Every structure is written in C-alpha cells, then in structure tokens.
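Please look over the model below before reading on. My points follow in numbered form.

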Amino acid sequence: MATATDLKGLADRAVKEISSAADEAALEAVRVRYLSRKDGLITAATKEIATLPAAEKPGYGKAVNEAKQRVESALEERGRALREGAIAKSLSETADLTLPPRRVRVGHMHPIARTIREITRILGSMGFESVEGPEVEYDYYSFEALNIPRDHPARDKFNSFWIANPLGDPTDRRVGLRPHTSPMQIRVMEKRKPPVRVVVPGRCYRFEATDATHESIFFQYEGLAIDEQISMADLKGVLYSFARQLFGGERKVRFRPDYFPFTEPSAEIAFDCFVCDGSGTTNKGRCATCGGSGWIEAAGCGMVHPEALRRVDYDPSKYQGFAFGGGVERLAMLLTGTPDIRLFHENDMRYLESV
Ligand code: DAH
C-alpha cells in the first residue's frame, strides 16, 4: 500500500508533467495517466481506501484527496494557460501584405462551343432556329430517309459506329452513332409544316483514323430552309452573309458541283481565304491558312431532294428548300489559327486558354 509520502511524491510528479505539457493533447495524456477512471495512478490509490482498517482510513483518505485536488487544479490552470496562449498566438499572426496576389482564374468557353455559339447566332439573325437531335440515331434517319439505301455506295463515305441490338436489327431500326447532323433534316420536317428554318449543331461520329484534320468524334452544323419558291439564290445569299459575318470583310463564296444523295443539285462551298484575301500568298509566302489555293472549303450543300420531301409528306411541287452542312472544328481552326484539330480535345489548358 502506498503511504501518504508516496502520494505526495506521485502528485509532485504529476504537477511537474502538467506544467511541462506543451499542448492540450499532451495535457490530456497526463490527465489520463493519473486520473483516468479505469487505471489512473491516483484513482488506484483511491480504490485502496476501502481495503484499509478503519483507523487508517481518515489519514490516508485525506492524503489521497489532497493529491487528487492538487493534480486537478494544476490541470485546470495549465489547460487555461494553453488555450489563452493559442488565442494570443493566432491574434499575433499578421498577413504578409508584400506577397504577390493569387491569380484569379476566370473560366472561358471552349473554342468549339464558342464557334457553335457564333454559327447559331449568325444564322439565328437570319431566322434559323437552333435545334438539337439525338447522337444515337436510327439507320432510317442517318441514311434511308436521306435517300441512301442499304447498298448505296455513298454509305462508304460515312464509316459508322453501329450498336449491336440484342433484339436483332430490322433494317430501318438499326441504331448507330450518327455520322452527320443531316438526319435532323428529316426529324424536323416530320414534326413541322413549312416554312421551316433550322440550324442544327451537334456531335457526330465516324470510324476513321485521326490526323491533323480528322477526329472520330467531331461537330457539324446543319442548315435547313423549306418554303414555297425557295431557290439556290437564297442558299447563296444566306451563305454569303454567313461568311461575311463569321470571317469579316467582303467574302466571296465559291460553289462547285458535288454529289450528295439527299440534295439535287448539290454543291461544295468554299469561302475566299480571309487571311490572304483569296490571293493564296501572304508576305511570308504561301498562305498557310488556305494552303495557297485562296479558297477554304467549308461545307456541302444543295437543294433538298424531292424524294426526301416526299418522305415527310411535303409536296415537292409546292415546297422546295435548301440544306447545308459543315464541320465546326474546321471553322474553329480557321478562326483561332489552330493547326491541328486534336488540340481542341486534348484538354491541355495551356493551349485552350491561349485561343
Ligand atoms: N451531311 C454531309 C456530310 O456529312 C454534308 C452535307 C452535304 C449536308 C449537303 C447537307 C447538304 O445538308 O445539303 O458529308
């Protein structure tokens, strides 16, 4: 059994440890060592009181109490001192006003998104409503209804990603990732009666190798106008205005015959190069933007094929229309001077923030 002298020594030790506790965690550890209910050193002494002969109880009990009180008040005092010290320290911390400020990072639109906004804004000003359609599309809309039946060689141009259907693939219900935005021509005409004027921006997919000007995932914009007495002259006027608003200046538009099964006649559109003004050369030599030709090929277009109109129950003797479709990345590359299409999708912020 511990004597009263032992208890005083125990308390002395505890008080010393308490005064050297550097923080509140260290202080708590001391408290546990001496006073924890289960196996604290002073707690153990308290428990011994009950085992003593009656004559010794008062003297020993008093010594235990004194030891306990000394430790408790030392704990309290040190605890208060540590808390006050922490507050004083935090108050004395000063801000270093000579540090350079942190750069505020302001986000900005991705160049592709910005180009889509610009395209839809310009066409919107000419009355084209912007609509979007499904990226997973039926064979029927991607091809069949656009006058490209199953075995038509024009399908070779659209290397499509097909999606396996566990229920089987009845010809027109086959689904795949759309290889162009043209299917929306049919979807819109099915739902609306003329006059129709829409622009359809959207993501497209083709199973093709990637290089500086091709990606297997890319964006297109599609224009469609249907009304009575619409002619190729209207198509020209719209594209002419589009080119001038997009690239600035007095742009020229070149039409060359092309072939698309869903337009007749069909044409390929090029704009005269806005960097060399169509000359093909700059003061640095051959114009890098147009490759020296003076022309920038931008889109396919044409008068909507009567067969496509009949599909959606439009009477071709009453209604005509034009359509055009091109690549968004192509325009974004031209507008930002981006030499490689892959720079748009690599997500390297150093590049994206620079254009
Ligand atoms: N959808 C065609 C393609 O991806 C481009 C195109 C050509 C769209 C002629 C049209 C059009 O609307 O009239 O190659």
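**Notes on the pocket, the ligand and the backbone**

1. By class, 18 nonpolar, 16 polar and 10 charged residues make up the lining of the largest pocket. Here Ala, Val, Leu, Ile, Met, Phe, Trp, Tyr, Cys and Pro count as nonpolar, Asp, Glu, Lys and Arg as charged, and the others, Gly among them, as polar.

2. Some ground rules. This is a predicted model: local features need pLDDT of at least 70, side-chain atom pairs count only at pLDDT 80 or more, and totals for chains, interfaces and linings use all residues. Residues are numbered from 1 along each chain as its sequence is written, and side-chain values use heavy atoms, with hydrogens and water left out.

3. The largest pocket has a volume of about 1100 Å³. Of its 44 lining residues, E297, A298, G326, G327 and R330 are the closest to its centre. A pocket is an open set of points on a 1 Å grid over the protein atoms alone, where a 1.4 Å probe fits, with protein on both sides within 12 Å along at least five of seven lines; lining residues have an atom within 4 Å of a point. Points are joined across faces, edges and corners, and the volume is the space filled by probe spheres set on them.

4. Which element gives the most to this lining? Strand β11 does, with seven residues. β6 (217–227), β8 (263–272), β11 (295–304), β12 (320–327) and α10 (328–336) each supply at least two. Helices (H or I, at least four residues) and strands (E, at least two) are DSSP runs, numbered from the N terminus.

5. The ligand takes the space of the largest pocket (more than half of its atoms lie within 2 Å of the grid points). Around the ligand are 17 residues, the closest being H180, S182, R206, Q220 and E222 (a heavy atom within 4 Å counts). This shell has six nonpolar, eight polar and three charged residues.

6. E222 lies 2.6 Å from a ligand oxygen, and Q220 lies 3.0 Å from an oxygen. H180 lies 2.9 Å from a ligand nitrogen. Taken alone the ligand exposes 360 Å², and the protein buries 95% of that (Shrake-Rupley method, 1.4 Å probe).

7. Check the backbone too. Most peptide bonds are trans. The bond from P194 to P195 is cis, with omega near 5°; P195 is in the loop between α7 (183–191) and β5 (196–205). The bond from E264 to P265 is also cis, with omega near -5°, and P265 is in β8.

Notes: A polar contact is a pair of N or O atoms within 3.5 Å; within protein, one must be able to donate a hydrogen and the other to accept it, and residues adjacent in sequence count only if both atoms are side-chain atoms.
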